[in-house]
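Reader: Take me through the terms used for this model. For each one, I want the value set against its cut-off.

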Amino acid sequence: MRHSSLVAFAIAVLAATPALAHTGAGTVSGFASGFGHPIGGLDHLLAMVAVGILASQQGGKSVWLLPLSFVGMMTVGGILGVANVALPFVELGIVGSVIVLGAVIALGKHLPTGAAMALVGLFAVFHGHAHGTEMPATASGIEYGIGFAVATAALHAIGLGLGMSVKKLAEKAAPFAVRAGGGAIAAAGVFLLAA
């Protein structure tokens, strides 16, 4: 029952965000604005859940190292964004993260931990840059940063929970189900790129 509740919650969260997070709209400041940014767009949401699913698929130390790498490098990207340091192809990097992370999950290949950390860390810089660049002028930078870091960690936890729940629900079908989920994430990324 607990697993089905988690899956239902995750589906509701995914379905509730039809637009990208980069609209430039909103006047909420501080923690709430930072927390809302990753959750407010399908591109961020899918990538961050994918990091959690990939971490569960990789197993071992990756369960905590991949999310930690993402949050750490996203913070670096956020600082660059707040400092107005130009980073080319930010939106393409964000959508690319959805496609690539989904495809890696779908292929089901185990990456060396360092390579997986580097992959998610690279994409995290783009996500962080977008968060930092779009921080409202009235927001406290520290509160805003804590907000987007907490939301990101929560989305990673949802992905981890989904990946682990699928493994426990159907041991033989789990690898296929997780890989199919990765394929769906990649397909959503292609849709976002085309939109």
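Reader: Why is leucine 192 called buried?
Author: Leucine 192 has a relative accessible area of 10%. Buried means under 20%, exposed over 50%, and partly exposed in between, with a 1.4 Å probe and protein chains only. So leucine 192 is buried. Leucine 192 is found in helix H8. Helices here are DSSP runs (H or I, at least four residues), numbered from the N terminus. Leucine 192 and aspartate 43 are 149 residues apart in sequence, but 7.4 Å apart in space, C-alpha to C-alpha.

Reader: What is the basis of these values?
Author: This is a predicted model, in which local features need pLDDT of at least 70 and side-chain atom pairs count only at pLDDT 80 or more, while totals for chains, interfaces and linings use all residues. Residues are numbered from 1 along each chain as its sequence is written, and side-chain values use heavy atoms, with hydrogens and water left out.

Reader: What makes phenylalanine 31 partly exposed?
Author: Phenylalanine 31 has 38% relative accessibility, so it counts as partly exposed. Phenylalanine 31 is found in helix H2 (residues 30-39).

Reader: Which residues make the nonpolar surface patch?
Author: Phe31, Ile142, Ile146 and Val150 make a patch of about 380 Å². Patch residues have over 30% relative accessible area and no salt bridge, and nonpolar side chains are joined within 5 Å (like charges within 9 Å). A salt bridge is a side-chain nitrogen of Lys or Arg within 4 Å of a carboxyl oxygen of Asp or Glu. Helix H7 (residues 141-169) gives the largest share, three residues.

Reader: Why is threonine 152 called buried?
Author: Its relative accessible area is 0%, so threonine 152 is buried. Threonine 152 lies in helix H7. Leaving aside neighbours within four places in sequence, threonine 152 is in contact (heavy atoms within 4.5 Å) with Pro38, Met48, Phe70, Val71 and Met74.

Methods: Areas by Shrake-Rupley, 256 points an atom, 1.4 Å probe, with all protein chains shown as cover. Helix = DSSP H or I, 4+ residues; strand = E, 2+ residues; numbered from the N terminus.
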